[in-house]
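Please take me through this structure stop by stop. I have it open in a viewer and want to know what to select next.

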Amino acid sequence: MNQPHLYDVAIIGGGAAGLSAALTLGRARRSVVVLDAGQPRNAPAAGAHNLLGNEGIAPLDLLARGRDEARSYGARIVSATVTGASGSAAEGFTLTTQPLPAAEATPTTIRARRVVLASGAVDTLPQIEGLAERWGRDVIHCPYCHGHEVRDQRLAVLATGPMWLHQAKLIRQWTDDVTVLLDTQDAPCDEDRATLESRGVRIIAGRVEQILTADDRLTGVRVAGHAAPLPLDAVLVGTRLRIDSALVDGLGIATEQNPMGTFVPVDIQKATNVPGVFAAGNVTNPGSMVASAMADGVMAGALVNMNLIDEEFARTAQAAQTVVTASAEPA
Ligand SMILES: Cc1cc2nc3c(=O)[nH]c(=O)nc-3n(C[C@H](O)[C@H](O)[C@H](O)COP(=O)(O)OP(=O)(O)OC[C@H]3O[C@@H](n4cnc5c(N)ncnc54)[C@H](O)[C@@H]3O)c2cc1C
């Protein structure tokens, strides 16, 4: 049976990190395939901010440009979900792919000498009626991504974990109208309460029951034990990030946890604990933004290329040594 083509590098995920790695590897004359399920984390947002040269660009427009740029250097981009991964640097890696509906016909198996995991992370949202529908619009997670767009408005911090105190202090930079909704979290100690109240931050106890909307805008929240809804313009919420466990388990990649979620630790070479598997972007850092995911991807691409170059020189040097040894032997 014919073996599928062996790419130099397969990149799992075609977001900011994966496409940046593909661009770098394409320019380094590597054969590279990007396998992308097409759901970047910031897709619900109107614009990607803090992005010099592309400030405010629609997230999917940015990636469409990135795909074109990577393709112009020979990268192949396949719309597919990687559902399984196995192999090693010595034997090559095998990725099982599920083509997306209406996408180009693709083989279900991809082989590559190296893998870059750039599959991002998924936000786990609190289960509150009406919240998911507003995610990335006026239910937001990051003041740097959305704070300027909601400046001077009525904001609430929905406390979901120990980071809520930090979030309440942070968002106060963008507006002087901040309310903390404690929901399931404990009330703060007297000192923390006094610190927040010293800059006008209010604290409300009680379960948040519903996010209220009108005319496609968030208008407030309903809190248990409070007769009237609290009028608001936006809600800041801490999410927990999870990563695709089928991929990390299949390849034996180690993961770690921090208060923001699960991630894949990498060393300074962007290498995971599995030889031949590199990682970049949100999958390695829950706090990563678009620009840092791009920088990660470029570095991962360059370092994978060097890793392959080292292997190629080692192979030719060994072959040359074998020839020298053989010709030096008496006939
Ligand atoms: C609502 C929101 C708004 C944001 N706004 C900003 C902003 O304004 N500025 C900013 O700098 N940052 C912003 N961010 C953060 C930004 O989204 C991330 O930093 C960025 O998307 C990380 O890029 P990435 O390439 O690592 O992951 P992603 O962009 O998430 O890309 C990962 C890709 O991998 C694919 N994938 C996942 N699993 C598989 C698989 N098994 N097989 C194939 N493909 C797979 C996904 O479908 C996706 O296309 C925002 C985040 C959110 C949630």
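**Whole chain**

Keep in mind that this is a predicted model. Show the C-alpha trace first. Along the principal axes, the C-alpha atoms fill a box of roughly 100 × 45 × 35 Å. Now colour by secondary structure: the chain has 8 helices and 18 strands. Switch to accessibility, and 45% of the 331 residues count as buried. Contacts come next. Among those with a separation of 6 or more, 55% join residues 24 or more positions apart.

**Helix α1 against α2**

Select residues 16-27, helix α1, and residues 59-72, helix α2. Their axes lie 9 Å apart, and the packing angle is about 20 degrees. An angle under 35 degrees counts as roughly parallel. The two helices, α1 and α2, are therefore roughly parallel to each other. Their crossing is left-handed.

Show the side chains at this contact. From α1, pick Ala-16, Leu-19, Ala-22 and Leu-23. From α2, pick Leu-63, Gly-66, Arg-67, Glu-69 and Ala-70. Coloured by class, the contact of α1 with α2 has 6 nonpolar, 1 polar and 2 charged residues.

**Helix α1 against α8**

On the α1 side, select Ala-16, Ala-17, Ser-20, Ala-21, Thr-24 and Leu-25. On the α8 side, the contact residues are Val-290, Ala-293, Met-294, Gly-297, Val-298, Gly-301, Ala-302, Val-304 and Asn-305. By class, the contact of α1 with α8 divides into 10 nonpolar, 5 polar and no charged residues. Ala-16 belongs to the α1 contact with α2 and also to the α1 contact with α8.

**The aromatic pair**

How many aromatic pairs does the count come to? The count is 1. Select Tyr-144 and Trp-174 to see the pair. The arrangement is edge-to-face, with 5.5 Å centre to centre and 85 degrees between the planes.

Tyr-144 sits in helix α4, residues 143-146. Trp-174 sits in the loop between α5 (164-171) and β9 (178-181). The pair links distant parts of the chain, its members being 30 residues apart.

Trp-174 counts as buried because its relative accessibility is 17%, and the cut-off for buried is under 20%.

**Glu-129**

Move to Glu-129, in the loop between β6 (122-124) and α3 (131-134). Glu-129 counts as exposed, at 51% relative accessibility. Leaving out residues up to four places away in sequence, Glu-129 touches Glu-209, Gln-210 and Ile-211.

**Two positive phi values**

Most residues other than glycine have a negative phi. Asp-152 has a positive phi, near 65 degrees. Asp-152 lies in the loop between α4 and β8 (155-158) and is exposed, at 64% relative accessible area.

Finish on Asp-216, where phi is also positive, about 60 degrees. Asp-216 lies in the loop between β11 (208-214) and β12 (217-223).

Technical notes:
Residues are numbered from 1 along each chain as its sequence is written. This is a predicted model: local features need pLDDT of at least 70, side-chain atom pairs count only at pLDDT 80 or more; totals for chains, interfaces and linings use all residues. Side-chain values use heavy atoms; hydrogens and water are left out. Axes are lines fitted to C-alpha atoms, for helices over the stretch in contact, and angles run from 0 to 180 degrees between N-to-C directions. Helices (H or I, at least four residues) and strands (E, at least two) are DSSP runs, numbered from the N terminus. Angles under 35 degrees count as roughly parallel, over 145 as roughly antiparallel, 65 to 115 as roughly perpendicular and the rest as oblique. A crossing is left-handed if the near helix is turned anticlockwise from the far one by less than a right angle, and right-handed if clockwise. Contact means heavy atoms within 4.5 Å. Ala, Val, Leu, Ile, Met, Phe, Trp, Tyr, Cys and Pro count as nonpolar, Asp, Glu, Lys and Arg as charged, and the others, Gly among them, as polar. Rings of Phe, Tyr and Trp (its six-membered ring) pair if their centres lie within 6.5 Å; planes under 30 degrees apart count as stacked, over 60 as edge-to-face and the rest as tilted. Buried means under 20% relative accessible area, exposed over 50%, partly exposed in between (1.4 Å probe, protein chains only).
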